[in-house]
Every structure is written in C-alpha cells, then in structure tokens.
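Visitor: I would like to take a close look at a single part of this structure. Could you please guide me through the salt bridges and what surrounds them?

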Number of protein chains: 2
Amino acid sequence: MTRSTNPNFMNGVPELLILRLLKDREMYGYELVQAIRAVTREAVSLGEGVVYPVLHALEKDGALKSRRKPVNGRTRVYYTVTPAGQKRLGALVNTWTKLNDAVSGALQGGSYAAHTI
Amino acid sequence: MTRSTNPNFMNGVPELLILRLLKDREMYGYELVQAIRAVTREAVSLGEGVVYPVLHALEKDGALKSRRKPVNGRTRVYYTVTPAGQKRLGALVNTWTKLNDAVSGALQGGSYAAHTI
DNA sequence: GTATTATACCTTGAACCAATAGGTAATAAC
DNA sequence: GTTATTACCTATTGGTTCAAGGTATAATAC
C-alpha cells in the first residue's frame, strides 16, 4: 500500500537512474546510493538493498562491467556502462518519456479523445 | 524481462488513470479498459485482468463506490469516486509529479540541476 | 438457424521488483 | 574501546502487473 520511504511509480526507476549516472562516470555502489539522493534532491532515496542487486543483475546482463579497486585499505567495486548498457539506457529513456507524456496528457483533463459507446 | 504489451514504469499507473478518469464521470470496467487505451493513444493498454482487481481494491478501500445498472439486458457496474478517492487521487498526482520532476532532472542534467534554494 | 464476434463481468497463477531487515568487515572519530 | 561511517552483500516479504483462463448475454454474420 503506502510506502514508507519512496512512493509508488518506482518500477524501473532504480535501473534507469543507475544507468544514467554511470553513463557520465564510473562509480561504486555506496557512492551511487548517495548520488541518487543528491541528484533527485532527496525525492528518491534508495537503500543499498535496492542498488546492489540491480548492479549485479545489470552486470550479469552485460549492461555493466566492474573492476575492483582498493582505496585506503577498503575495496571498492567500480561500475561502467558497456555499449549494450548504453543501448539499454536509450531504450529505457525512450519508453519512460513516452509513458510520461501519455500519463501527463491523461491527467490534464484529457478530452482529445472523442469516444462514445 | 521484457513485457510484451506495456513497458516497465507501470507501478501505480493503472490506479492513477482509473481514479483520474472516474473523477470526470462514472464508468464501468469494460468501458475503462477502452477509455485508457484511447486517452493514452495506445501508449497504455490494460487488460481486464488488471482493471477489475484495481476497481475492487479501490472500492474495498472506500475510494470508489459502485452501483449495478442493467443496460440492454446486461448488467453494468458503474463506479464513482468518493471524497476519500478524490483525496487519494490528489496524493497520487502529487507524488507522481514530484517523482517525474526528479527523474527528468536526473536524466537531463549532469550532476546537479537547475534550482537551488 | 447456428456460428462468431462483441459486450461485460470475474478469478487464479506466475513473474517481477522495490523495500525492509538483516549480516560482514574495515577505518575514523570521540 | 565504543560508536559512527564506509563499503560490500543476501534473503525474505509484499505489492502489482500480466497472461490466461472462465461464465454469460446480445448483436452480427453467414
């Protein structure tokens, strides 16, 4: 029903944002969690339990590739977008935009459709 | 993975569209299925297996109320939005708009975005 | 006159995905 | 030396869309 942190309409949004952010520069999971909060101005706040599984699924699908990099004794796993990932991002942005336009139109008093039954 | 009919990003959209359409006038389930197709210009096409459960859930929650009306020997179940439903619609539109702005900003802008405080 | 389509309602099962709540381990701060 | 922060991870739950069924009447086609 009502989500405590994020509202509905979140289907596919984590994947979309992650791909979009990684398109600009390589990042690691923990960094992505905060970057998403920052870039959406707290409108979207994803837990690590959301981000990591998405990263692993995207890598398994060949949309991302990773490299391990030790920093200050800790190990970070940096992700970058593959060509397949870029393509996937493009498709996601496309469908997201289309759906958005459709719903926006429907919300704003949509009576451009004259349907009678 | 890939949906055959509708893409991702559909979470909560059926409920939003149904409430929005019923706000203007009472409709019945089968009519809503076609109205949604029409108002979104085929961008969203919901099956009856999606619409009916949402209608029942919304009525159970007190957001809709129904009346049975015989038309041409068949029985139609017409739904209207209750005050609680109007409130729910308002909240949904609000969160949908906010999320939209956030994701749009993230998609277009690089690191940060237009309006600071 | 019967076969097919359209109308109109419904439920069940599977699949997907975000969210919560855990768990491990190292460094930094106090 | 206890807590907070960094940084990784998994398992389970719950909610929701979707496909694929099922029932029944009215209109149309052949």
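Guide: In this predicted model, A:E31 is buried, its relative accessible area being 18%, because buried means under 20%. The partner of A:E31 in a salt bridge is A:R25, and their closest N and O atoms are 2.9 Å apart. A:R25 itself is partly exposed, at 46% relative accessibility.

In chain B, the side chains of B:R25 and B:E31 also meet in a salt bridge, with 2.9 Å from N to O. Here B:E31 is buried at 7% relative accessibility, while B:R25 is partly exposed at 36%.

A further salt bridge in chain A joins A:R67 to A:E26, with the closest N and O atoms 2.6 Å apart. A:R67 belongs to strand β2 (residues 64-71) and A:E26 to the loop between α1 and β1 (27-28), so this pair ties together parts that are 41 residues apart in sequence. Both residues are partly exposed: A:R67 has a relative accessibility of 39%, and A:E26 has a relative accessible area of 25%.

Over all chains, the structure holds 10 salt bridges. Across the interface of chain A and chain B, however, the rule finds 0 salt bridges. Between these chains there are 5 residue pairs in polar contact. The contact involves 38 residues of chain A and 42 residues of chain B. On the side of chain A that touches chain B, α4(A) gives the largest share, 12 residues. By class, that side of chain A has 21 nonpolar, 11 polar and 6 charged residues.

How values were computed: Residues are numbered from 1 along each chain as its sequence is written. Chains are lettered from A and ligands numbered from 1 in the order in which they are written. This is a predicted model: local features need pLDDT of at least 70, side-chain atom pairs count only at pLDDT 80 or more; totals for chains, interfaces and linings use all residues. Side-chain values use heavy atoms; hydrogens and water are left out. Contact means heavy atoms within 4.5 Å. A salt bridge is a side-chain nitrogen of Lys or Arg within 4 Å of a carboxyl oxygen of Asp or Glu. A polar contact is a pair of N or O atoms within 3.5 Å; within protein, one must be able to donate a hydrogen and the other to accept it, and residues adjacent in sequence count only if both atoms are side-chain atoms. Helices (H or I, at least four residues) and strands (E, at least two) are DSSP runs, numbered from the N terminus. Ala, Val, Leu, Ile, Met, Phe, Trp, Tyr, Cys and Pro count as nonpolar, Asp, Glu, Lys and Arg as charged, and the others, Gly among them, as polar. Buried means under 20% relative accessible area, exposed over 50%, partly exposed in between (1.4 Å probe, protein chains only).
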